[in-house]
Amino acid sequence: MTAILPDKSLADRLTTLFWRKPKLLLALLITPPLLWLGVIYLGSLAALLLQSFYSIDEFSGMVVREFTLKTYAELLRPQNYDIIVRTLLMSAAVTLGAAILAFPIAYFAARYARGRWKAVFYLGIMLPLWSSYLVKVYAWKLILAKEGIITWAATQTHTNFLLDAALALPGVGGNSLSTSYIGMFLVFTYVWLPYMILPMQAALERVPTSMLEASQDLGATRAQTFRTVILPLAMPGVIAGSIFTFSLTMGDYIIPQIVGNSANFIGMAVYQLQGTAGNIPLAAAFAVIPIVIMLIYLGLAKRAGAFDAL
C-alpha cells in the first residue's frame, strides 16, 4: 500500500524552506531594522549634511538652497569658534574627571565584589539611570545653589574659604556653584559617570589574576604593577567609557541651560538656531562638528581595541 500524506500547510512549507535556506531567514529578519536604520537614521543624517551646505539670506531670513561653504565659514567667527572650543574643553574635562572617579569603583567591583556585593554594585550603578534626567539636573541645581546643602555644609564646617576660593577662580568660577562651570562640570560628571564605570569594570574583569601574581613574583611594587600591567590592560575600557562621556557631554543642551552661566555650547546652539533663530543651515553645520569628531574618535578607539570592552 502507498501511504498518502496530507498536504503540508503554509507554515510547514515555510519552515522547510527556512531550514534548507537559513540565509534567507537571516535576510528576512535583518531587513526591517536595516531599512529603519537606512531610511530614518542615515537618511536624516544625509538631510542634515545637505542642509549644512545651504545658507540663509541675511535680509529675508529665508534658506537659500544653493551649494556653498559659507555656512561652514561662519563657524570660524569668534562667537561660534568659542562655542566649539568651550564644548570640547568641557567634554574633555568631564571625561577625565569621570575616568578618575570611576577607576577605583570599577577596580573594586572587578577584583573584590562577589555574590551579593556584585549585585549591590550593579544596583548602585544602574539605580541613578532609572530616575528622571530632568529631576536629577534640577536636584543638583538646588544642591549647588547659594542656599543649597553644599554652602550650608561649608558654613557649618567653617570651610567657606575653600568654596569662595573655588568660585573666585578665573574662567570657571561664578557667584555660586549653580552658576559656574565648576557646577556644570559636577553635574555632567555625576550624570554620565555610570557610562564610564561599566566599560571599565568589564575591562578590568578581563585582566588575568596570573599576570598580577607574575608581576609580584618578579619583584614589582603595587605601583609598578598598576602602571605596567593593570592600566594598559584596562585602557580599552577607559577609552570605551570615554566614548559615552565625551559624546554625551558634547551633544547635551539641557544641563548648560539649567546649570552654569548660560554660556553657549554646541547642543544649545543647535537647539536655539533651529528653533527661535530659524537658521537651519548653521544649526546643521554645528551638528556636523560632533559627528565628525566622534567618527575620528571612534576610529582611533577601534584601533585601540576599545570595543572589546563594550
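Student: At what angle do helix H6 (residues 133-144) and helix H9 (residues 181-205) pack, and how far apart are their axes?

Tutor: Axes are lines fitted to C-alpha atoms, for helices over the stretch in contact, and angles run from 0 to 180 degrees between N-to-C directions. H6 and H9 pack at about 145 degrees, with axes 11 Å apart. Helices (H or I, at least four residues) and strands (E, at least two) are DSSP runs, numbered from the N terminus. This is a predicted model, where local features need pLDDT of at least 70, side-chain atom pairs count only at pLDDT 80 or more, and totals for chains, interfaces and linings use all residues. Residues are numbered from 1 along each chain as its sequence is written, and side-chain values use heavy atoms, without hydrogens or water.

Student: Is the crossing of H6 and H9 left-handed or right-handed?

Tutor: A crossing is left-handed if the near helix is turned anticlockwise from the far one by less than a right angle, and right-handed if clockwise. H6 crosses H9 in the right-handed sense.

Student: Which residues meet where H6 packs on H9?

Tutor: Contact means heavy atoms within 4.5 Å. From H6 come Tyr-133, Lys-136, Trp-140 and Leu-144. From H9 come Gly-183, Leu-186, Val-187, Tyr-190, Val-191 and Trp-192. By class, the contact has eight nonpolar residues, one polar and one charged. Here Ala, Val, Leu, Ile, Met, Phe, Trp, Tyr, Cys and Pro count as nonpolar, Asp, Glu, Lys and Arg as charged, and the others, Gly among them, as polar.

Student: How many aromatic pairs does the structure hold?

Tutor: A pair of aromatic rings is described by the distance of the centres and the angle of the planes. Rings of Phe, Tyr and Trp (its six-membered ring) pair if their centres lie within 6.5 Å; planes under 30 degrees apart count as stacked, over 60 as edge-to-face and the rest as tilted. The structure holds 13 such pairs. Take Phe-246 and Tyr-297: the pair is stacked, 5.8 Å centre to centre, with 10 degrees between the planes. This pair links distant parts of the chain, 51 residues apart. Phe-246 sits in helix H11 (residues 222-251), and Tyr-297 in helix H14 (residues 280-303).

Student: Why is the pair of Tyr-253 and Tyr-271 stacked?

Tutor: Their planes are at 15 degrees and their centres 4.9 Å apart, so the pair is stacked. Tyr-253 lies in the loop between H11 and helix H12 (255-258), and Tyr-271 in helix H13 (residues 266-274). The two are 18 residues apart. Tyr-253 is partly exposed at 33%, and Tyr-271 is partly exposed at 42%.

Student: Which residues do ring pairs link into a cluster?

Tutor: Phe-103, Tyr-107, Phe-108, Tyr-112 and Phe-226.

Student: Where does UniProt place the feature "transmembrane region"?

Tutor: UniProt positions are given in the numbering used here, feature names are shortened, and annotations may be inferred rather than shown by experiment. The unreviewed entry places the feature at residues 24-50, 83-108, 120-139, 181-204, 225-248 and 280-300. Over residues 120-139 the model is 70% helix and 0% strand, with end C-alpha atoms 24 Å apart. Residues 225-248 are 100% helix and 0% strand, and their end C-alpha atoms are 33 Å apart.

Student: What does Ala-98 touch?

Tutor: Ala-98 belongs to helix H4 (residues 78-111). Ala-98 is buried, at 1% relative accessibility. Beyond four places in sequence, Ala-98 touches Thr-189, Leu-193, Met-196 and Thr-245. Ala-99 is also in H4, and is buried at 16%. With the same exclusion of sequence neighbours, Ala-99 touches Met-196, Met-200 and Val-238.

Student: Which strand holds Ser-55, and what is Ser-55 in contact with?

Tutor: Ser-55 is in strand E1 (residues 55-56). Ser-55 is buried at 10%. Outside four places in sequence, Ser-55 contacts Met-62, Val-63, Val-64, Thr-68, Lys-70, Thr-71 and Pro-281.

Student: What is phi of His-158?

Tutor: Phi is near 55 degrees, a positive value in a residue other than glycine. His-158 lies in the loop between helix H7 (149-156) and helix H8 (160-167). At 64% relative accessibility, His-158 is exposed.

Definitions and conventions: Buried means under 20% relative accessible area, exposed over 50%, partly exposed in between (1.4 Å probe, protein chains only).
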